[in-house]
Each structure stands twice: as C-alpha cells, then as structure tokens.
Amino acid sequence: MASDPNTGFDDARAALVDRLIERGYIDRPATERAMRAVPRHAFVPDPRREAAYRDRPLPIGAGQTISAPHMVAVMTDLLAPAPDDDILEIGTGCGYHAAVTSEPLDEGTVFSVEAEPELARAARARFARLGYDVRVCVGDGHEGWAAHAPYDGAYLTCAPETVPEAITEQVRPGGTVVAPVGRGQQELLRLTRRADGSVERERHGSVRFVPMRATGVDD
Ligand code: SAH
C-alpha cells in the first residue's frame with residue numbers, strides 16, 4: 001500500500017503531544033495548538049527525522065542541540081505569546097522553537113538572534129520554505145536586537161550566567177523574559193518587568209541548555 005511520507009510524522013506528532021499533555025507539560029490551548037501544528041521533523045537534519053517525535057533533545061549541527069519538545073512546550077506556556085506580540089528569541093538554532101512561538105502570532109513577529117551564521121542561514125531558508133514569519137539576524141544575543149525593541153516578551157534557548165541587561169531592557173514594562181540561567185547548574189526563570197523598572201523573578205526548576213557563548217566581544 002502506498003503511503004504519504006508525511007502521514008507517519010503526523011501520527012507521531014499527535015501521539016507526542018498527547019503524551020506531553022498527559023504528563024502535564026502543556027497548560028494553554030494555544031501552546032497545544034502550536035505543538036500540534038509545527039512539523040518538528042522538517043527542522044531537524046535529515047538523518048534525525050525518524051527521532052523528531054521522541055521527547056528528546058537532538059543534535060542540529062555546529063555542536064548545538066535542539067531542546068526536547070516538552071521544554072519548548074513549557075517555555076511557550078510561560079511566555080504565553082498573544083496574537084499581536086513581538087517576541088525576541090536568542091538562539092535560533094534550527095528554528096523549531098521560533099516556529100512554535102510564532103504559531104499563535106497574527107500581527108506580531110518573532111525576531112531571532114543566532115551567533116552561528118551557518119545555522120542562521122539554514123533557519124532562514126526553512127522559515128521561507130515552510131511559511132513562518134520569523135526574522136533572523138546573525139549576532140551576539142547578549143546585545144538583544146535593539147532595532148525592533150520594545151518587545152512584549154523574550155526568551156533564550158542558550159543559558160547565560162545571568163540574563164543580559166540589554167535583553168530585559170528591550171522588553172516593555174509588563175513584558176516577560178523566559179530563560180535558562182546559570183553555569184553548570186541551570187534554572188529556568190521567568191522574569192516580569194514591572195512598570196517601576198524592577199523585575200519579578202519566578203523559578204521553574206532545573207534545566208540543561210547549551211551555554212550562551214561570548215561572541216562578538218572585542219577584548
Ligand atoms: N531554539 C533552538 C535551539 C537552539 S540551541 C531550536 O529550536 O533549534 C541554542 C542556540 O543558541 C544555538 O544555535 C547557538 O548557536 C545559539 N547561541 C549560543 N550563544 C549565543 C549567543 N551569544 N548569541 C546568539 N546565539 C547564541
């Protein structure tokens with residue numbers, strides 16, 4: 001019997017999202033819809049496609065790793081992007097996480113900064129091919145992306161020692177930053193900028209992300 005090569009992936013993705021819900025990783029319906037919609041297999045390198053719907057991190061080249069699906073779901077729930085939000089992402093990687101974030105956006109856009117030119121180029125090509133409105137620039141995420149600030153929210157997919165000030169400053173008062181933070185031991189934090197400029201911190205458990213690299217530093 002002939003079969004559509006995507007059918008197996010669709011079924012595998014549906015089963016994965018069902019499991020993530022059972023395990024309590026997804027609270028918001030918008031996150032569930034995004035996780036059901038984005039074809040993770042189309043973002044990972046060809047030899048990894050069969051593994052795309054296991055709840056595992058996967059290597060994506062240039063020594064980098066795509067986060068496990070449950071981590072993308074948890075971070076999307078914490079960020080809770082609204083349809084007209086502009087969101088800053090640090091660490092485009094293969095682009096999967098940005099595609100999930102962009103799924104509930106309508107007027108809003110994801111602006112993503114990637115340090116590795118080769119990954120940025122490949123992600124741009126993928127977004128164009130799959131029809132995702134995600135803008136990518138090659139740069140050091142420590143600087144954020146000032147040209148499109150202020151953002152309604154921001155998140156990092158690589159772990160800094162502390163959240164770079166430029167990033168919190170580029171988020172509007174009331175906006176949210178979701179980030180894995182720490183060297184060695186990392187913790188997932190959600191920071192909310194208050195109107196008076198102070199920052200509220202919530203802790204969301206231990207995580208393990210690739211470290212944020214010091215690139216573009218002149219000294
Ligand atoms: N969100 C990605 C996962 C990326 S892994 C996905 O869905 O595929 C983390 C990424 O952060 C890597 O691509 C790495 O190159 C990038 N990165 C590391 N340090 C960085 C920095 N200082 N600025 C921007 N990107 C950085």
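Tutor: Gladly! Let us start with a cut-off: a residue counts as buried when its relative accessible area is under 20%, and as exposed when it is over 50%. Keep in mind that this is a predicted model.

Student: Why is Phe 43 called buried?

Tutor: The relative accessibility of Phe 43 is 0%. The cut-off for buried is under 20%, so Phe 43 counts as buried.

Student: And what makes Tyr 96 buried?

Tutor: Tyr 96 has a relative accessible area of 2%. That value is set against the limit of under 20%, and therefore Tyr 96 is buried.

Student: How many aromatic pairs are there?

Tutor: The count comes to six aromatic pairs. Rings pair if their centres lie within 6.5 Å.

Student: Why is the pair of Phe 43 and Tyr 96 called edge-to-face?

Tutor: Two values settle this. The ring centres of Phe 43 and Tyr 96 are 6.1 Å apart, and the limit for a pair is within 6.5 Å. Their planes stand at 70°; over 60 degrees counts as edge-to-face, so that is the name this pair gets.

Student: Which parts of the chain does this pair link?

Tutor: Distant ones: Phe 43 is in the loop between helix H2 (29-37) and strand S1 (58-61), while Tyr 96 is in helix H4 (residues 96-102), 53 residues apart.

Student: Why is the pair of Phe 43 and Tyr 132 called tilted?

Tutor: Here the centres are 6.1 Å apart and the planes are at 55°. Stacked needs planes under 30 degrees apart and edge-to-face needs over 60, with the rest counted as tilted, so the pair of Phe 43 and Tyr 132 is tilted.

Student: What makes this pair a tie between separate parts?

Tutor: Phe 43 lies in the loop between H2 and S1, and Tyr 132 in the loop between helix H5 (117-130) and strand S5 (134-138); these parts are 89 residues apart in sequence, so the pair ties them together. Phe 43 and Tyr 132 are both buried.

Student: Which residues form the aromatic cluster?

Tutor: Phe 43, Tyr 96, Phe 127 and Tyr 132 form one cluster.

Student: How do you know that Arg 40 lies over the face of Tyr 96?

Tutor: Arg 40 is at 5.6 Å from the ring centre, and the distance limit is within 6 Å. The rule also asks for a position within 35 degrees of the ring normal, and Arg 40 is listed as lying over the face of Tyr 96.

Student: What makes a space a cavity rather than a pocket?

Tutor: In a cavity, a 1.4 Å probe fits but cannot get out, whereas a pocket is open. A search of the whole structure finds one cavity of 30 Å³ or more. The largest cavity holds about 320 Å³ of space, and the largest pocket about 210 Å³.

Student: Which residues lie nearest the centre of the largest cavity?

Tutor: Gly 91, Thr 92, Gly 93, Glu 114 and Thr 157, out of 27 lining residues. S2 gives the most to that lining, with three residues.

Student: What makes S4 mostly covered?

Tutor: Five of the five residues in S4 are buried. Val 110, Ser 112 and Glu 114 point one way from S4, and Phe 111 and Val 113 the other way.

Student: How do you know that strand S3 (residues 87-90) and S4 pair?

Tutor: Pairing takes at least two bridges, and S3 and S4 have four, in the parallel sense. In one of them, Val 113 in S4 is the bridge partner of Ile 90.

Methods: Residues are numbered from 1 along each chain as its sequence is written. This is a predicted model: local features need pLDDT of at least 70, side-chain atom pairs count only at pLDDT 80 or more; totals for chains, interfaces and linings use all residues. Side-chain values use heavy atoms; hydrogens and water are left out. On a 1 Å grid over the protein atoms alone, a cavity is a set of points where a 1.4 Å probe fits but cannot get out, and a pocket is an open set with protein on both sides within 12 Å along at least five of seven lines; lining residues have an atom within 4 Å of a point. Grid points are joined across faces, edges and corners, and a volume is the space filled by probe spheres set on the points. Helices (H or I, at least four residues) and strands (E, at least two) are DSSP runs, numbered from the N terminus. Buried means under 20% relative accessible area, exposed over 50%, partly exposed in between (1.4 Å probe, protein chains only).
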